[in-house]
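Let's take a walk through this protein model together. Have a look at it first, and then we'll go place by place.

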Amino acid sequence: MEGRGTHSDYSKPASLGFSAASLVIASYTWRRWAQEVPLWHPELRCAGRADGVGMVAGRLTIYDYKTSRKPKGPERVFDHYLQTSFYALAHNRLFETDIQDVLILITVENAEVQVFTGRVADYEAALSARIEQYHKGCVQDVPTLAALQQAA
């Protein structure tokens, strides 16, 4: 899997929803390792559930299913890349794997399944920045014990 982008040659009718996406991934997944994988990363302080882990084009890959009313361009799936990259990093941390690739399958209403591929390394810095921003926001929004006592 080189770079990111859509691969329309793997597209199937999306009217079948996740069944269509399953057909797409089945067409080039050599072996599924797991589905609905709960993951967490203690250092990043995040958790989530990946739709699947498997061998795709000979490489261990995290994959995730999405739905959309309209087709999306690569610029519109950036957050999905961050999410699946997190899943890969968490899986690597928990199970001592070396997942470097992500696959995003988007079933589009009355259209074809869109397939996006990416490399975890391309999104690690942005993911770390997003998580840091999230945790800073959470800490700023939590009142201190002194502020709570003063308000009472």
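Which residues line the largest pocket? They are Cys 46, Ala 47, Leu 82, Gln 83, Phe 86, Tyr 87, Leu 127, Arg 130, Ile 131 and Tyr 134. Before we go on, note that this is a predicted model, where local features need pLDDT of at least 70 and side-chain atom pairs count only at pLDDT 80 or more, while totals for chains, interfaces and linings use all residues. Residues are numbered from 1 along each chain as its sequence is written, and side-chain values use heavy atoms, leaving out hydrogens and water.

Back to the pocket: on a 1 Å grid over the protein atoms alone, a pocket is an open set of points where a 1.4 Å probe fits, with protein on both sides within 12 Å along at least five of seven lines, and lining residues have an atom within 4 Å of a point. Its lining draws at least two residues from each of β3 (46-56), α2 (78-95) and α3 (124-141); helices (H or I, at least four residues) and strands (E, at least two) are DSSP runs, numbered from the N terminus.

His 91 counts as buried because its relative accessibility is 6% (buried means under 20% relative accessible area, with a 1.4 Å probe and protein chains only). Its C-alpha atom is 7.9 Å from that of Trp 40, 51 residues apart along the chain.

Now hop over to β6 (residues 114-119): five of its six residues are buried, so the strand is largely enclosed by the rest of the structure.

Methods. Buried means under 20% relative accessible area, exposed over 50%, partly exposed in between (1.4 Å probe, protein chains only).
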